[in-house]
Amino acid sequence: MPRAALERWLLARWYGGVSPGLLLRGLACVWGAAMRLRRWAYRQRWRRQHRLPVPVLVVGNRTVGGAGKTPLVIALVEALRSRGWRPGVVSRGHGRAGRGQHAVAPDDDARRVGDEPLLIRREAGCPVVVDRDRVAGAEALVALGCDLVIADDGLQHLRLGRNLEIEVEDARGLGNGRVLPAGPLREPLPARPATFRVVQGREPRPGEWPMRLAPAALRGLGRRAGETRALAAFAGQRVHAVAGIGHPPRFFATLREAGLALEPHPFPDHHAYAEADFRGMDDAPVLVTSKDAVKLRGIDLADAWELPVRAVLPPDLPDALDSLLRQGLPHVDP
């Protein structure tokens, strides 16, 4: 089954009310048991958590797919830096071809460092280290002078000790509440909730914090490099919308809400683009996400535009994080 068809088949079971069936439920029981055993081994100190001499803030989500983690990480870096912290971001660099540890530079190739780490480095301007060994990557950030480590997509990476956790959730919530592959959960829900839960795309419940993803001005790509244009300038115009993110419909919905007549072109998350992917799109402007834009180096596009989005947070959230981090919190138990 092609990957796109498989994704649609799974999403119908995870979020669409279709029964996952006995096979998926059986596999989910095995996966869930393995994840419970892993967390239990950390609680019993049979597996060691590594703790850093600086605070560690983990940002992640319980489900597979995008929930807005990357814009949130960028916003947190900017907000906490303005409050006197020197944050750095550690990431595994999902989907990258490179191996080993690498300090990301703004002009790096996304194929080498990963699309999300490169986007964070360019937008937030803070040190970003990618390493399959996140503990070693976090230690490298400390060596670079960071006094706060933000672990991107690290909620299930229990080996790296943490002081605070932020769970991100979008309007889809936790789907059918089952673990992979019967549902979207990466692991069974732990008994202890994350320190903060940030939600976007729906109204927050008591104890949750809202986040809004706000589109910014379009940036020209390819032959349009250096140009900017308001999204409203494309209202009523036909465009090609390209998105290789965890949840492409969110990007398409943003464009429709702005009044654009779009032809959607969803791609798998972390897709490595080639010129052939844009064949037949020369009859209208091409709009892409920022996560896709960092992977288009070397592709000649005549009329392409990047739509950045900014995570808008209530000011009380960074204030609360800053206050807790300065209290010298103990590490969170697994």
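The structure is a predicted model, in which local features need pLDDT of at least 70 and side-chain atom pairs count only at pLDDT 80 or more, while totals for chains, interfaces and linings use all residues. Residues are numbered from 1 along each chain as its sequence is written, and side-chain values use heavy atoms, with hydrogens and water left out. The chain comprises nine helices and 16 strands; helices (H or I, at least four residues) and strands (E, at least two) are DSSP runs, numbered from the N terminus.

**Overall dimensions**

- The chain has a radius of gyration of 20 Å, which agrees with the value near 20 Å that a compact globule of 334 residues would have; the radius is taken over C-alpha atoms, and the globule rule is 2.2 Å times the number of residues to the power 0.38.
- The C-alpha trace spans about 60 × 50 × 40 Å along its principal axes.
- Of the 334 residues, 51% count as buried, where buried means under 20% relative accessible area, exposed over 50%, and partly exposed in between (1.4 Å probe, protein chains only).
- Among contacts (heavy atoms within 4.5 Å) between residues at least 6 apart in sequence, 73% join residues at least 24 apart.

**Helix 2**

- Helix 2 (residues 21-43) has 23 residues and reaches 33 Å from its first C-alpha to its last, close to the expected 33 Å; the expected span is 1.5 Å times one less than the number of residues.
- The buried residues of helix 2 are L24, A28, G32, M35, R39, A41 and Y42, and their cover includes helix 1 (3-14).
- An α-helix has 3.6 residues a turn, so residues three or four places apart point the same way.
- R45, which follows helix 2, has a positive phi, near 65 degrees.

**Nonpolar core**

- A nonpolar core is a set of buried Ala, Val, Leu, Ile, Met, Phe, Trp, Tyr and Cys residues joined through side-chain atoms within 4.5 Å.
- In the largest such core, of 36 residues, L57, L72, L76, I150, I166 and L321 touch the most other members.
- Helix 3 (residues 69-82) gives the most to this core, with seven residues.
- Leaving aside residues up to four places away in sequence, I150 touches L57, V59, V73, L76, V77, P87, G88, V89 and V90.

- Eight strands form an open sheet with mixed pairing in the order 3-4-2-5-1-6-7-8; two strands pair if DSSP finds at least two bridges between them.
- Strand 3 (102-103) and strand 8 (209-210) are the edge strands, each pairing on one side only.
- Strand 3 pairs with strand 4 (residues 128-130) in the antiparallel sense over two bridges, and A103 has V129 as its bridge partner.
- Strand 6 (residues 164-169) and strand 7 (residues 196-199) pair in the parallel sense over four bridges, with I166 partnered by F196.
- Strand 7 also pairs with strand 8 in the parallel sense over two bridges, where V199 has P210 as its bridge partner.

- Strand 12 (residues 238-243) and strand 14 (residues 286-289) run parallel, joined by three bridges, and V242 stands opposite V288 in strand 14.
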